[in-house]
Amino acid sequence: MKWKGRRGSSNVEDRRGMGGKTIAAGGGIGGIVLVLLFTFLGGDPGALLNGFGGTTTQSGEPYQATEQEEELADFVSVVLADTEEVWTDIFEEQGMTYKEPTLVLYNDSVQSACGTSSSAVGPFYCPGDQMLYIDLSFYRELQQKFQAPGDFAMAYVIAHEVGHHVQTLLGTSDEIMPLRNQLSETEFNKYLVRFELQADYYAGVWAHHAQGMDLLEEGDLNEALTAASAVGDDTIQERARGYSVPETFTHGTSEQRKSWFYKGYENGTIEGGDTFKTRDL
């Protein structure tokens, strides 16, 4: 991807080295908090959060980033700026206003409006504060563990989380998430799969416009498709335990994730991404 020397986003918050052992206590939120994380790799976000109460811990040593990590931080900022430009234009075409999210860089653990989360959850979006969270070490994991190298693979990850932000702004999140308390886990998982595939579609919409701005280089699209395939529920489960359990899928299969990203890339519009009405995922 052509990114060096280009404008980065002003909506990046660097919390590396700050830690996030507990969630800050506080009043005025009525006691019960609905905790939701839209994670890139799946799993039950509620099980990954600590309890409420306590104070934030902070390391006394300043964080020392490597040169490679700083370059990656710059890259992430440029990609975020590109998503801001694309979605601002798309929303304006629809007569709406795009509210830019903040991307938080952290390491090890981080505190958000959704609770305190470990980097083990992978990149995630918290609708409670409309922020994206990413530990840059995930780029190395994407290359080594998931065999999905290339800068555009990482760009796809960011665009997917921005896709969740788009869902929040469009009201999709508010429509789907209350079903968590109305359906069985197996039935709700079916909605989660459609929800995540729509975020993949929106990532593809961004890639379509990035291509239109002549930002993509040879091989970039394949890097994104490889990453989408690598994080399919079936692939992740089979890698971990040798078999997959479809009723536990929350993000979609490798083929589904690739397919919906590519549909977004081909269409370039919001209208083609209604994963909730189609019978054929």
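Colleague: Where is Thr88 placed, and what makes a stretch a helix here?
Modeller: Thr88 has its place in helix 1. A helix is a DSSP run of H or I with at least four residues, a strand is a DSSP run of E with at least two, and both are numbered from the N terminus. The model is a predicted one, in which local features need pLDDT of at least 70 and side-chain atom pairs count only at pLDDT 80 or more, while totals for chains, interfaces and linings use all residues. Residues are numbered from 1 along each chain as its sequence is written, and side-chain values use heavy atoms, with hydrogens and water left out.

Colleague: Why does Thr88 count as partly exposed?
Modeller: Buried means under 20% relative accessible area, exposed means over 50%, and partly exposed lies in between (1.4 Å probe, protein chains only). Thr88 has 22% relative accessibility, so Thr88 counts as partly exposed.

Colleague: Which residues is Thr88 in contact with, leaving aside its neighbours within four places in sequence?
Modeller: They are Tyr98 and Glu100, where contact means heavy atoms within 4.5 Å. The C-alpha atoms of Thr88 and Glu100 are separated by 8.3 Å, and the two residues are 12 residues apart along the chain.

Colleague: What makes a set of residues a nonpolar core, and which members of the largest one touch the most other members?
Modeller: A nonpolar core is a set of buried Ala, Val, Leu, Ile, Met, Phe, Trp, Tyr and Cys residues joined through side-chain atoms within 4.5 Å. The largest such core has 67 residues, and Phe75, Trp87, Tyr156 and Trp206 touch the most other members. Among the elements that each supply at least two residues of this core are helix 1 (67-93), helix 3 (151-170) and helix 5 (185-212). Helix 5 gives the largest share, 12 residues.

Colleague: Which residues is Trp87 in contact with?
Modeller: Apart from neighbours within four places in sequence, Trp87 is in contact with Tyr98, Val162, Val166, Tyr202, Val205, Trp206 and Ile270. There is also a second, separate core of 10 residues, including Leu37, Tyr106, Val121 and Tyr133.

Colleague: How do you know that Cys114 and Cys126 form a disulfide?
Modeller: A disulfide is a covalent bond between the sulfur atoms of two cysteines. The rule asks for a pair of cysteine sulfur atoms within 2.5 Å. The sulfur atoms of Cys114 and Cys126 are 2.1 Å apart, so the pair meets this rule. The count by this rule is 1 disulfide. The link is right-handed, with 95 degrees about the S-S bond. Cys114 lies in the loop between strand 4 (109-112) and strand 5 (115-118), and Cys126 lies in strand 6 (residues 124-126). Both Cys114 and Cys126 are buried.

Colleague: What makes a space a cavity, and what makes it a pocket?
Modeller: Both are found on a 1 Å grid over the protein atoms alone: a cavity is a set of points where a 1.4 Å probe fits but cannot get out, whereas a pocket is an open set with protein on both sides within 12 Å along at least five of seven lines. Lining residues have an atom within 4 Å of a point. Grid points are joined across faces, edges and corners, and a volume is the space filled by probe spheres set on the points.

Colleague: How many cavities of 30 Å³ or more are there?
Modeller: The count is 2. The second largest cavity holds about 40 Å³ of space, and its lining includes Leu103, Pro123 and Glu161. Strand 7 and helix 3 each supply at least two residues of that lining.

Colleague: What is the volume of the second largest pocket?
Modeller: The volume is about 370 Å³. The lining of this pocket has 6 nonpolar, 6 polar and 6 charged residues, and helix 1 gives the largest share, 5 residues.

Key
Nonpolar A, V, L, I, M, F, W, Y, C, P; charged D, E, K, R; others polar.
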